[in-house]
Amino acid sequence: MSQMRLSLDQLTGTNRRAADILLGNDRGGYTVPSAKLYPFQWNWDSALVALGFSVFDSDRAWQEVESLLSAQWDNGMVPHIIFWKEEKSYFPGPEQWGTTDIAKTPPTSGITQPPVAATVIERLLAEDIDAHRDRAAKLLPKLDRWHQWFLDARDPDGRGVVAIMHPWESGRDNLPDWDRPLSFIDTTGVGTYHRRDTDIVNKDERPKNDDYDHYMALVRFGRDCNWNTDHIARNCPFWVAEPGMNAILRRAERDLINMATLLGQDDIAARATARLARLDAGFEQLWSETVGGYVTLDLRRDEHATGLTSGSWLAMFAGPVEPARATKMAATLTYWLSQVKHGVPSFDPNHELFDSIRYWRGPVWAMINWMIATGLIEHGETDLADRIRRDTQALIDQSDFREYFCPVTGRGGGGTDFSWTASMSLYWAA
Ligand code: 9WN
């Protein structure tokens with residue numbers, strides 16, 4: 001569809017079906033990622049879903065990001081899940097997060113997710129600056145506070161990279177990068193609990209029970225300190241900086257600067273510029289000469305991960321990568337794509353920990369593909385970007401709007417009628 005503006009009635013075939021998925025997952029001002037598996041509002045899903053709505057209903061696209069940012073905490077964090085309604089089919093729910101005093105109404109989780117919202121809002125605004133100026137102007141201060149929270153809460157020592165305190169914060173839950181940092185966490189106290197995800201989808205496509213024990217230990221750690229950001233930064237046993245989150249934040253700051261400049265919000269532009277300088281310089285710490293790319297850094301041990309992930313390519317989405325590195329990255333990515341039928345795998349297909357169907361250990365995700373392709377185009381790698389776009393749509397044509405896809409066979413995995421897959425098809429890939 002590639003960003004043409006049409007009315008719903010003008011959409012046909014795959015595009016109409018994608019729009020119908022978004023409308024079917026619409027719960028009135030916010031969209032659930034997938035009706036059964038994820039029945040609440042998720043942070044980066046919502047932002048990315050707004051792009052799909054923008055193709056046929058710009059007002060509804062703005063509502064999506066407005067409802068997301070309406071859940072901002074007083075300290076600036078925008079939570080990763082907003083529990084608008086009571087619903088028992090997802091675990092962990094509000095009781096486990098224990099944020100009722102902090103989040104007020106409705107309850108939320110206690111962590112955040114990659115802040116792609118500013119990038120999305122910049123695109124919504126660019127469609128018709130005069131029409132959307134007032135709506136955007138109200139959201140910029142919220143984005144500014146959220147981005148500032150990242151530096152204050154997740155980089156209090158000023159290293160120039162923000163940490164995640166939970167794998168869910170990265171949005172890439174069971175990436176092999178977390179295996180070693182998680183292995184140092186004591187899970188003996190987590191007790192028994194009932195996972196709901198494996199009641200709904202095949203357990204071979206989901207994180208393992210041992211991963212969940214670690215996830216729950218970290219939720220308990222956050223809840224026990226009432227999500228105190230100082231305590232978390234000093235003591236959380238999981239504290240890693242990863243290229244996906246840091247790249248998306250750097251891109252978000254650039255897009256926030258553009259919007260603030262355009263709308264005359266000079267103080268926001270100045271603050272974002274200062275933050276961006278710190279983050280741009282700090283990102284260098286994620287470069288590993290041994291691996292040959294940007295990788296996760298365990299900040300507790302000052303130790304780089306041993307593999308490239310789909311997040312590594314997001315360095316090109318973050319901003320300009322020096323030409324020699326960009327060329328090297330494009331060559332490695334081309335090699336990855338020669339190893340699989342459809343790109344981009346979420347983890348190095350040649351690495352021993354690659355698993356083609358288990359969630360973030362190998363499968364292809366449409367919205368990551370969009371971000372990677374966007375960065376590639378900005379570095380002149382248009383053929384590679386086009387291959388990724390075509391792969392994305394081929395996967396959807398073969399396996400429908402699934403949560404993610406096997407890079408080897410093209411088989412779909414996880415949830416069905418998935419919002420961000422529909423959104424990416426409608427906005428970009430079809
Ligand atoms: C935990 C909703 C979310 C995505 C994440 C994806 C998955 C949740 C889960 O689903 O995470 O946040 O329960 O598995 O990993 O990226 O936002 O689609």
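Modeller: We start with the ligand, then turn to the backbone. This is a predicted model: local features need pLDDT of at least 70, side-chain atom pairs count only at pLDDT 80 or more, and totals for chains, interfaces and linings use all residues. Residues are numbered from 1 along each chain as its sequence is written, and side-chain values use heavy atoms, without hydrogens and water.

Colleague: How many residues surround the ligand, and which are the closest?

Modeller: A residue is near a molecule if one of its heavy atoms lies within 4 Å of it. Here 17 residues surround the ligand, the closest being Asp45, His80, Tyr90, Gly171 and Asp173.

Colleague: Which side chain has an N or O atom 2.6 Å from an oxygen atom of the ligand?

Modeller: Asp45 supplies the pair at 2.6 Å. For His80, the distance to a ligand oxygen is 2.9 Å. A polar side-chain atom of Gln113 also lies 2.9 Å from an oxygen of the ligand.

Colleague: What about phi and peptide bonds?

Modeller: Most residues other than glycine have a negative phi, and most peptide bonds are trans. Here the bond from Phe91 to Pro92 is cis, with omega near 0 degrees. Another cis bond joins Gly343 and Val344. Asp302 has a positive phi, near 50 degrees. Tyr359 has a positive phi too, near 60 degrees.

Colleague: Is Tyr359 buried or exposed?

Modeller: Buried means under 20% relative accessible area, exposed over 50%, partly exposed in between (1.4 Å probe, protein chains only). Tyr359 is buried, at 3%. Asp302 is exposed, at 54%.

Technical notes
A polar contact is a pair of N or O atoms within 3.5 Å; within protein, one must be able to donate a hydrogen and the other to accept it, and residues adjacent in sequence count only if both atoms are side-chain atoms.
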